[in-house]
Amino acid sequence: MELFIFIVLLIVIFAFLNRKDGSSKIQPTVTMDDIELKKNIERMRVKFLSDFEQAQDDLSPYYLTISMETLGVVEDYDKNYKNLENWPEIDEISWYVFNNKRELIKKEYFNESEASMKDAYKLLSEDIKSVRLFISHNHEYTINILKSNFYRKKLPVSVLTSRVGVCVMEKGKDAVLIWSDFHNDWKYPKLHELVTGIFFPDDPISFLESEQLEGPENKARAIAKCFSHLVDHDYIPIKDFFEK
């Protein structure tokens with residue numbers, strides 16, 4: 001009889017532990033830190049994906065972000081921009097212009113198959129003249145590519161260095177901290193590394209698969225988002241230039 005009772009108890013216990021609703025299973029402990037981390041991940045995701053505020057009253061340009069695609073690659077980064085065989089032609093170009101409240105005034109996009117690149121460069125020259133800050137990822141490369149293409153179209157290049165240049169690649173180095181064994185130092189991040197390191201550190205693969213960095217329009221937008229973050233967190237110490 002005692003053996004029978006013991007067997008019944010075992011059956012009951014086994015059934016209890018394997019209920020379909022799984023309510024008897026030990027659930028992982030969710031701490032307040034875990035909840036705050038998830039909230040912060042979502043805030044950063046929304047911060048990157050959200051649209052820029054559109055400028056309404058203040059249409060005074062303050063800074064410009066830019067990106068481009070080229071028809072080839074640079075053979076030697078040390079060569080002068082006048083060496084046209086070394087510096088490839090621009091195929092697509094896009095830039096965003098903001099006021100000092102970080103509101104979007106306008107964005108431009110041109111590609112060689114649909115527009116005169118010379119006209120695009122003339123408009124870019126005027127927009128650069130109107131701002132105080134000229135912002136890109138890998139600014140030295142950007143300036144040299146633009147100089148070469150301006151020179152190719154017989155346009156003055158001095159405007160390209162007439163404003164304060166800001167390189168989010170250099171300024172973002174300490175924000176994402178990616179180690180390079182080759183240089184034995186923190187590396188300068190590529191644009192996708194900078195974006196994922198700031199906004200999507202826990203889910204970089206799905207972000208990259210979303211094609212949010214495809215083409216110069218998306219890249220110029222991403223540079224603007226990174227710039228704003230780096231300003232807010234004092235990696236670029238120019239908060240005093242912006243209105244709250």
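Predicted model: local features only at pLDDT ≥ 70, side-chain atom pairs only at ≥ 80, totals over all residues.

Colleague: OK, strand β2 then. How many of its residues are buried?

Modeller: Seven of the nine residues in β2 (residues 90-98) are buried, so by that under 20% cut-off the strand is mostly covered.

Colleague: Which way do β1 and β2 run, parallel or antiparallel?

Modeller: Antiparallel, with eight bridges joining β1 (residues 63-70) to β2. To find your place, look for Ile66, which stands opposite Trp95 in β2.

Colleague: And how many bridges between β2 and β3?

Modeller: Seven, again in the antiparallel sense, with β3 covering residues 104-111. Phe98 is opposite Leu104 there. β2 and β3 make a hairpin with five residues between them.

Colleague: What's the phi of Arg102 in that turn?

Modeller: Positive, about 65°.

Colleague: Switching to helices. At what angle do α7 and α9 pack?

Modeller: About 45°, with the axes 10 Å apart; α7 is residues 191-199 and α9 is residues 215-232. The two are therefore oblique to each other. α7 passes α9 in a left-handed crossing.

Colleague: Which residues make the contact?

Modeller: From α7, Leu191, Leu194, Val195, Ile198 and Phe199. The α9 side includes Ala222, Ile223, Cys226 and Leu230, along with Lys219 and Lys225.

Technical notes
Residues numbered from 1 in each chain as written. Heavy atoms only, no water. Axes fitted to C-alpha atoms, helices over the stretch in contact; angles between N-to-C directions. Helix = DSSP H or I, 4+ residues; strand = E, 2+ residues; numbered from the N terminus. Parallel < 35°, antiparallel > 145°, perpendicular 65-115°, else oblique. Left-handed = near helix turned anticlockwise from the far one by under 90°. Contact = heavy atoms within 4.5 Å. Buried < 20%, exposed > 50% of the residue type's maximum accessible area, 1.4 Å probe, protein only. Pairing = 2+ DSSP bridges.
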